[in-house]
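Dear colleague,

Please find below the sequence and the structure that I am handing over to you. A short account of what was found follows directly after them.

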Amino acid sequence: MSKSVIEYLENSAVMFPEKIAVADDKSSMTYKELLCYSKNIAAALLPYVKQGQAVPVYMEKSCMALAAFLGIATVGCFYVLLDHSYPIDRINSIIHTLDANMMIVDEKSAKKQEKLGFEGNVLKIEELIQYTASKEEYVQLETIREQALDIDPLYAIFTSGSTGVPKGVIVNHRSVIDFIDCFTKQFGISSDDIIGNQAPFDFDVSVKDIYSSLKCGATIQIIPKSLFSFPAILLDYLDNNHVTTLIWAVSALCIVTRLNGFDYKKPSNINKVIFSGEVMPIKHLNLWRAAYPDAMFVNVYGPTEITCNCTYYIVDRAFELDETLPIGKPFPNERVFLLDEKDELITQQDCHKIGEICVSGTSVTLGYYNNKEKTSEAFVQNPLNNKYIEIIYRTGDLGYYNEKKELCFSSRKDFQIKHNGHRIELGEIDAAINAADGVARACCIYDEKKQFIIGFYEGESDKKAITHALLAKLPKFMLPQEFVKVDAMPVTKNGKIDRKQLMEKYDEK
Ligand code: AMP
């Protein structure tokens, strides 16, 4: 059994040396090249790193970014992709959490990086890739590999945190290998596949693209983000690059159907459509199925904290617009179960009884990096097991079993939302508004129908000033679409802001 994901790359480089491993809109790398580049990068990093440390990668998704990830993994460290478009404060908060003393940039991002005021070593990928490793360095890399464990971290992905500080989910090689082995088998991904990568590299949907492809000797075709604003160009790109497999966020699939993309073209090679991230609207699923009647459609579910997904449902029947698409059943080697309010088990016989979705298994991640408090809130001992250590992840998602004993997603227990595909803690926006000058108290609510974040606030400030303050702290996708000034926040009996009343007042307007 593999101990490191680097074995996926090495095996595929032996089996398919000249095959394209990864391509973007400007360049491509064969398996042989990708392996060679990742070794060069690893060797070049040797003087700068200690095994187990974080290496942030501040660049756009590309072949080079993937080579950087694999180089970092080869030298026994873990990677963290930092999004260019994030405000400097947010990037610096992530760097602080990681305690990072170095980072990798590319030519394009070097200028932006200077604005961060980062004091550690900054290395350029274009130079790292050109490095030629010496014999001694190869020996050093081999020793690092021998000493590495499969529980060592591979990457961290930062998600919105309710207290205002992003949380870094830290994931080891074992969890990825455990999941990817099942994922590729279950959906028959093979070396014939060309996987059209939609997800940014700091979303764990991309983990499925990257490691499924490396494991099977397939090709990852990176799709530039900008194409998702132009469905016709996007569909041409998929067709011209012979993409067979889409492992996409629901919101990305819906862009194609919302803009009637299939009236223009149906790319001819698509045979697998695997989607996740939020509830798939049946209307859009049906349009996709009509365009690809022979393709396999799969609804996969799970948060970043359990490594990509823990349940799947292969769409096997027709769905009416008012029906719920199940999230299905657990992947092999994952235990997914429902706990009621008293932490008692809800069984498949308890049809439609709602409980919190909890997950146990090898793919449960290592928690939140450098954040014991938040880790211990969600990664807990299984309350059904008081005999030995069994850490489960409490997802905060509510679910139930339908008549067919399939698991279904219902809603959230807390104030986490999905907005245009982004996972957001409304509490993080509250904290940022509260910190703005001229705001006494703030509270955000999500209007599901309009897909609007509404920021309610008490104070002298106005929309322009608050937006200006937020832009320095939050990514653009977290900005409220509307601000409502209130004289006084309505409160519940126990003194908490009464969100229901706020929303009612808003609806009356
Ligand atoms: P992320 O960590 O960004 O992948 O977001 C995970 C959250 O997205 C989950 O906790 C759910 O609330 C939601 N989610 C993921 N997949 C699905 C799905 N197939 N159906 C409904 N909600 C989903």
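Helix α2 (residues 31-45) packs against helix α7 (residues 135-147), with the two axes 10 Å apart and at an angle of about 95°. Because angles of 65 to 115 degrees count as roughly perpendicular, α2 and α7 are described as roughly perpendicular to each other. On the α2 side, the contact is made by Lys39, Ala42 and Ala43, which meet Glu137, Tyr138 and Leu141 in α7. The residues of this contact comprise four nonpolar and two charged ones, with no polar residue. Please bear in mind that the model is predicted.

Three strands form an open sheet in the order β24-β25-β26, and their pairing is mixed. The edges are taken by β24 (441-447) and β26 (482-485); each has a single partner strand, so one side of each is left without a neighbour in the sheet. On average, neighbouring strands of the sheet are turned by 25° against each other, direction ignored.

Strand β25 (residues 452-458) pairs with β26 in the parallel sense, over four bridges. Glycine 455 has phenylalanine 483 in β26 as its bridge partner.

Two helices accompany the sheet. Helix α16 (residues 463-471) packs on the sheet and touches β25 and β26, and its direction makes about 125° with that of β26. Helix α17 (residues 499-508) lies across β24, β25 and β26 and runs at about 70° to β24.

With kind regards

Terms used
Residues numbered from 1 in each chain as written. Predicted model: local features only at pLDDT ≥ 70, side-chain atom pairs only at ≥ 80, totals over all residues. Heavy atoms only, no water. Pairing = 2+ DSSP bridges. Axes fitted to C-alpha atoms, helices over the stretch in contact; angles between N-to-C directions. Contact = heavy atoms within 4.5 Å. Parallel < 35°, antiparallel > 145°, perpendicular 65-115°, else oblique. Nonpolar A, V, L, I, M, F, W, Y, C, P; charged D, E, K, R; others polar.
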